[in-house]
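Here is a walk through a structure for someone meeting it for the first time. Have a look at it, and then we'll go from one topic to the next.

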Amino acid sequence: MVAAGEVPELPREGRSRTEWLPYLLLAPSLVFLGVFFAYPLVQAFGLSFLRPEGGLTAEHFRRMLDDTYFRGAITNSLLLTAIVVPIQVAIGLVIALLVNSRFRGHLWFLYICAIPLAISDLAAGLIWLSVFTERGYLNTLLHLVGAVREPMTYLSAEQPVWLYGAIIATEVWRATAIVMIILVAGLQLIPRDYFETADVFGASGWRKLWHVTLPLLRPSLQTALIIRTILAFQLFATVITLSGRQVPVLAGEAYFWYGLYRNPHVASAYAVLIMGISVVITWVYLRALRLREEEASG
Amino acid sequence: MATVLLDRVTKRFGRITAVDGVTLEVQDGQFMVLLGPSGCGKTTALRCVAGLERMDAGRIVIGGEDVTDRQPGRRGIAMVFQSYAVFPHMTVRDNITFGLRIRKAPAVEVLRRTQQAADLLQISELLDRYPAHLSGGQRQRVAVARAIVMQPAVLLMDEPLSNLDALLRLQMRAELKRLHRETGATTVYVTHDQVEALSLGDRIAVMRHGVIVQCDTPSAIYNRPASTFVGGFIGSPPMNFFRGTVEEGGRSVRVAGTAIGLEPRWAGAEGMGPGSEVVVGVRPEAFEVMAEARPGALPGVVVVVEPLGGTTLLTVSVGGETAKVSVAPDTDHEPGQRLWLRPLPDRMRLMEPGQGRALIPTEGGAHR
């Protein structure tokens, strides 16, 4: 702040506008976050730890832990995340690097790759259901080329590899685009001089990728990883569309407890558990991929 | 070490021709400065030498070898960028050794040369630091060390001092000159700062609109500019220009009613016919300032007096035109004072009024 009197007084109108404008611009986001995130968050905590008649309790968490589906749900959620997220980041990175190489038609390639972004997870699940279902595109294709005589059943607990594979394929198809977008934006933030310096010193393509691109892309990779991992724990619409409850997942259980068993308390316990896992994993990412303090701000 | 030749180099960006058939020869060990206003094509020309731009026409020859189709890394060059481009994720040491590691130089050699380059740039204490902990001037030194550690035949620099503050720039300028003397690398240096060009260059190539308008030694560029553009771009304040008419068969020129005698060499020049219009260029320090009327001295009135420490700058109104005159600081001048300015005959440049070209082309200039 400049000491009063040093600067000529601004007109009243102009001053009040400069003071309020930032808050005015922030307000919609704040209201949105407050109504749809902060309030439900507090509510979920309340529901999961309070008795309906009042007083703290661990009862809802105990019911969640004792539930038949719980073990499967947490295993599946962790396993799917561990498989899907690395695939998404790897493919997203390859596509982002391709786009950034500015080959002829790279913008069209980018737009096409970004299409799944606009499709809801439920719709994505239905699209892939139409591929993998008994009378779906996959069986039709296999039948046409004479690979199968009878339609095969893929989406059944008896075929866990196929069932898992279908979920993974759907998730990779649906959500790799967000990784790609984050990484394309990140790549474009890296000044061209760094790459040209590497060129002048005779660095090969691989060396440039390994010693220049990836290190400088680390903040974006971190963002993409955190976002994708958190969203992976919230996964349920595609899983339910493809498998019903054959592959239980954490967010799906929250949904079933809320919608099917009409028990918002246990549903909230699941939600709080998901949040807890997300917080821990985010913290791990932030630590593991931390920019050394020395490196921050090039 | 190596010579560098730009042979009829042309580079277009869409409909804009950034570099238009430029030919320039840099001798082995020479410090060549490409100087010009922004957008004149100097940086593009440098990037063509580096191989960072694909040329539309022409050749680049380094050390006698045509490198036009070679990758930047295979041209025997090193480069310092305007932004320094010091890798933020590497320590100073790793930055400096980057090129050597790519070349797979033996570890002992890497160590020796790194130490040598760090000593030369006085950054030995910073080797284990990250760039975020360095000042702008220190990063600049790292970028230069990273380039010279390669012992390149040709060192390219793109406005390396323009991001430094004034004092640091002055220091670094002298450092670069010392460095050039010690390494002897052929250097091509791009700048828009004419003082930098004059102080650093063995030769200066002045560019405008994608062509070289004059290429010569700093003193020739300063004293015998090839055009009004060069005279106006170089020197601070720039050269003064007066409109004049040729008289006495080219032995004198009349400016603001005063006949000024010329050196005999001008008499035979093209465009010096009797009655021809010419532009007379005189550097601010190339006047004899007198308190009374003398033959060949222009009458004027002092408008502004600016003491600059080492010199005093006068703004003088001469027959409706304004001249900048630099005089010794101990002289007594005040606004409103009448005085007479006699341009020193050996310091006058005569140009034609159209394109502003000097009527006697620069003597001994290798300008094409």
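Between chain A and chain B, 5 residue pairs are in polar contact, with both residues at pLDDT 80 or more. A polar contact here is a pair of N or O atoms within 3.5 Å; within protein, one must be able to donate a hydrogen and the other to accept it, and residues adjacent in sequence count only if both atoms are side-chain atoms. On chain A, the elements giving two or more residues to the side that touches chain B are α8 (192–200) and α9 (205–233). Of the elements on that side, α8(A) gives the most, with 8 residues. Helices like these are DSSP runs (H or I, at least four residues), strands are runs of E (at least two), and both are numbered from the N terminus.

Before going further, a word on what you're looking at. This is a predicted model, so local features need pLDDT of at least 70 and side-chain atom pairs count only at pLDDT 80 or more, while totals for chains, interfaces and linings use all residues. Residues are numbered from 1 along each chain as its sequence is written, chains are lettered from A and ligands numbered from 1 in the order in which they are written, and side-chain values use heavy atoms, with hydrogens and water left out.

Back to the interface. There, 22 residues of chain A are in contact (heavy atoms within 4.5 Å) with 28 residues of chain B. The area buried between the two chains is about 2,300 Å², and carbon and sulfur atoms give 64% of that. Buried area is the accessible area (1.4 Å probe) that two parts lose on being put together, summed over both. The rule also finds 1 salt bridge across this interface: the side chains of B:Arg47 and A:Glu196 meet at 2.6 Å, N to O. To count, a side-chain nitrogen of Lys or Arg must be within 4 Å of a carboxyl oxygen of Asp or Glu.

Now for the rings inside chain A. Which residues make up one aromatic cluster there? They are A:Trp128, A:Phe132, A:Tyr154, A:Trp162 and A:Trp173. Rings of Phe, Tyr and Trp (its six-membered ring) pair if their centres lie within 6.5 Å; planes under 30 degrees apart count as stacked, over 60 as edge-to-face and the rest as tilted. A:Trp128 and A:Phe132 are stacked, at 6.0 Å centre to centre with 25° between the planes. Both sit in helix α5 (residues 121–132) of chain A, 4 residues apart, or about one turn of the helix. A:Trp128 is buried at 18% relative accessibility, and A:Phe132 is buried too, at 9%. Buried means under 20% relative accessible area, exposed over 50%, and partly exposed in between (1.4 Å probe, protein chains only). The rings of A:Tyr154 and A:Trp162 have centres 4.4 Å apart and planes at 50°, so that pair is tilted. A:Tyr154 is buried at 1%, whereas A:Trp162 is partly exposed at 35%.

Finally, over to chain B. Its secondary structure comes to 8 helices and 20 strands, and 52% of its 368 residues count as buried. One buried residue is B:Glu159, at 8% relative accessibility. You'll find B:Glu159 in the loop between β7 (154–158) and α5 (166–183) of chain B. Its side chain joins that of B:His192 in a polar contact of 2.8 Å. Leaving aside neighbours within four places in sequence, B:Glu159 is in contact with B:Lys42, B:Gln82, B:Val190, B:Thr191 and B:His192.
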